[in-house]
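Subject: Structure for your reading

Dear colleague,

Please find the sequence and the structure below.

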Amino acid sequence: MQLVNERYSIQGIDILDLVKKYETPLYIYDSSVIKRQLDRLTNSFKVKNLGIHYACKALNNINILKLINQWGAGLDTVSIQEIWTGINAGFTPDKILYTPNCVGVDEIEMAIKLGVQINIDHIETLEYIGQHYPGVKLCIRINPHVMAGGNEKISVGHIDSKFGISIYQMPLVERLVKALNLNINGVHMHTGSDILDPGVFTFAADILFDIAKKFKDLEFIDFGSGLKVPYKEDDVCTDIEELGEILSEKFNSFCKEYGRDLKLYFEPGKFLVSESGYFIVKTNVIKQTPSTVFAGVDSGMNHLIRPMFYGSYHHIFNISNPHGKPRVYNIVGYICETDTFANNRVVNEIHPGDILCFKNAGAYCFSMSSNYNSRFRPCEVLIHEGKDYLIREREKLEDLFKNQIVAI
Ligand SMILES: *Cc1c(COP(=O)(O)O)cnc(C)c1O
């Protein structure tokens, strides 16, 4: 987003014009940012075969998925519904990874029948599939027991985590592979989001390489994701170029030792789409209490729950008054819960009616939205090649009633 002569714009399209056209609250995505991030990631790795699979739980609008498909990346899915969504957007099953956790075997069986790559993180399930679907290609999700991740809810590789098969259970996995003649074609880890230190990442990667040696028919090694993006100016984030250099070298020497060129997989969500998204709201009220000046906006935790759910930071700025006097606000929603977007935040002076913009609203924002308080979910607009496209309309009253049955 650019500020020129008091006006903010994306790809030459004025944000306040979009607000007039589509009203608020409104999600806006800049496709050029997604492409830039995909290119950056691709160029950071110097290996023969690189597979980027976009973790579509971050943002699953069909238009975003179509662009990702067009740009040659695959898809990482965590539910059968995400697989259906991916196929509907044009991904062929061989471009789709399915990494479920705590789902029933009936769902995994549906995925097997669709022909997507199955990634298993549960020993009994492995045993069941081995017996009922001999020969089907399986990837194993390892828990390397490395503490990483920006906060507890997204830190998924540590000892208490529900994700993955523990590295200490590998002897049992190997026994099953032998006994049931399992076709293990990949090993996988996803240690959690917001990894800052390439050292932590490569430490976990070394553990994965050690495990990979135990399987003779691998086609790929999947390093999951956990790539951090900047939220604030001068924020520390994953140095993707450095990580790419270190990991590529390790990977290439592993392949030499293994005797075959494997594919290196990554499955980024946040890294690809977080910075592409902006959430635009209107200020309803400025409310001063003895301790605080609140800016109350026409949205809440129903549309963007990350600050309340796991304390994440979204930079907020005033699009209507870019050069106003900076003042301190608590920016809150209209939901009847304490739904605070930001505490003690310095923003250019806000007046009722002013349009505010949240950054980093591409990943885990719309996709986590709800109808709490019977509010409509916002519309989504994509800016692509200098044009704006409405890619999801704002909900209407009949949407709230849609699946309800008047039974009495
Ligand atoms: C959520 C998820 C990802 C994406 O994580 P980000 O931090 O958004 O990059 C990748 N792989 C799996 C298995 C996931 O569940």
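Helix α4 (residues 80–88) packs against helix α5 (residues 105–114) at an angle of about 25°, and their axes are 10 Å apart. Axes here are lines fitted to C-alpha atoms, for helices over the stretch in contact, and angles run from 0 to 180 degrees between N-to-C directions. Helices (H or I, at least four residues) and strands (E, at least two) are DSSP runs, numbered from the N terminus. α4 and α5 are therefore roughly parallel to each other; angles under 35 degrees count as roughly parallel, over 145 as roughly antiparallel, 65 to 115 as roughly perpendicular and the rest as oblique. The crossing of α4 past α5 is left-handed, a term for a near helix turned anticlockwise from the far one by less than a right angle, with right-handed used if it is clockwise.

Ile80, Ile83, Trp84 and Ile87 of α4 make the contact with Glu107, Met110, Ala111 and Leu114 of α5, where contact means heavy atoms within 4.5 Å. By class, the contact of α4 with α5 has seven nonpolar residues, no polar and one charged. Ala, Val, Leu, Ile, Met, Phe, Trp, Tyr, Cys and Pro count as nonpolar, Asp, Glu, Lys and Arg as charged, and the others, Gly among them, as polar.

Please note that this is a predicted model, in which local features need pLDDT of at least 70, side-chain atom pairs count only at pLDDT 80 or more, and totals for chains, interfaces and linings use all residues. Residues are numbered from 1 along each chain as its sequence is written, and side-chain values use heavy atoms, with hydrogens and water left out.

The contact of α8 with α9 has 11 nonpolar, one polar and three charged residues.

The axes of helix α2 (residues 31–44) and α9 come within 8 Å and cross at roughly 30°. Here Arg40, Leu41 and Ser44 of α2 touch Ile240, Glu241, Gly244, Glu245 and Ser248 of α9. This contact of α2 with α9 has two nonpolar, three polar and three charged residues.

The structure holds 16 aromatic pairs. Rings of Phe, Tyr and Trp (its six-membered ring) pair if their centres lie within 6.5 Å; planes under 30 degrees apart count as stacked, over 60 as edge-to-face and the rest as tilted. Phe209 and Phe223 have ring centres 5.7 Å apart and planes at 65°, so the pair is edge-to-face. The pair links distant parts of the chain, 14 residues apart: Phe209 lies in helix α8, and Phe223 in the loop between β12 (220–222) and α9.

Turning to the strands, two of them pair if DSSP finds at least two bridges between them. Strands β15 (residues 293–297) and β17 (residues 326–332) run parallel and are joined by three bridges, with Ala295 opposite Ile331 in β17. β17 also pairs with strand β18 (residues 340–348), in the antiparallel sense, over six bridges; there Ile331 stands opposite Ala342 in β18.

Yours sincerely
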